[in-house]
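Me: Please show me the structure. I would like to go through its sheet by question and answer.

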Amino acid sequence: MKLVTPSAQYEHSYRRYIEDLGNEERYPFPLDFDHTDFAALISRLEGFASGNHLPDGYVPSTTLWLVEGSELVGVTNIRHYLNDAIAHCGGHIGLGIRPSFRGKELGKLLMELSINRLRIMGAESIHIHCHKDNSASANTIKACGGTLQSEVEVDGYTVQRYLVITTDPKHCPDQQP
């Protein structure tokens, strides 16, 4: 398993990933981007990473794909920094695992790799948020060193806000990006 930058090499697997998701809500948000023109999708992801052509309220973010061989098994979106709105509800990391690959602790691996990537980028405090009723995400965040800081109500949902301190050695995964 490794993290890769999105590329045309994984187009077929990406399309199967989207089919696998069916009608479920897609995480992270770039999975909602139009992918009919795959080259345009890759260009849009590159623009988000470089901070170009961002919609109002967005911050630069890097999307990476967790792959096994030629199969795309997970997606992470790492925000380079937070604005006030995203600090309130959103956090640094959004991720998802392809339905056919769930239950194999790949979410934990992808979270560890994402935390490590942010640590390498210089983040000392990483905010990771999830809906309170999503116990799988909460357990993954806690397993990766997250400590519950607070809960907020947003659009009728309770959002739990966790914090990972990367300067604490027990919270620094040894995974390589």
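Reply: E2 and E3 run antiparallel and are joined by 8 bridges. Strands are DSSP runs (E, at least two residues), helices are DSSP runs (H or I, at least four), both numbered from the N terminus, and two strands pair if DSSP finds at least two bridges between them. This is a predicted model, where local features need pLDDT of at least 70, side-chain atom pairs count only at pLDDT 80 or more, and totals for chains, interfaces and linings use all residues. Residues are numbered from 1 along each chain as its sequence is written, and side-chain values use heavy atoms, with hydrogens and water left out.

Me: Which residue in the turn of the E2 and E3 hairpin has a positive phi?

Reply: The hairpin has 2 residues between E2 and E3. The turn residue with a positive phi, about 65 degrees, is Gly69.

Me: Which strands stand at the edges, and why is one side of each left without a neighbour?

Reply: The open sheet has 4 strands in the order E1-E2-E3-E4, with antiparallel pairing. Each edge strand has a single partner strand, so one side of it has no neighbour in the sheet; these strands are E1 (2-4) and E4 (93-97).

Me: How many residues of E3 are buried?

Reply: Buried means under 20% relative accessible area, exposed over 50%, and partly exposed in between (1.4 Å probe, protein chains only). E3 is mostly covered. Of its 9 residues, the number buried is 8.
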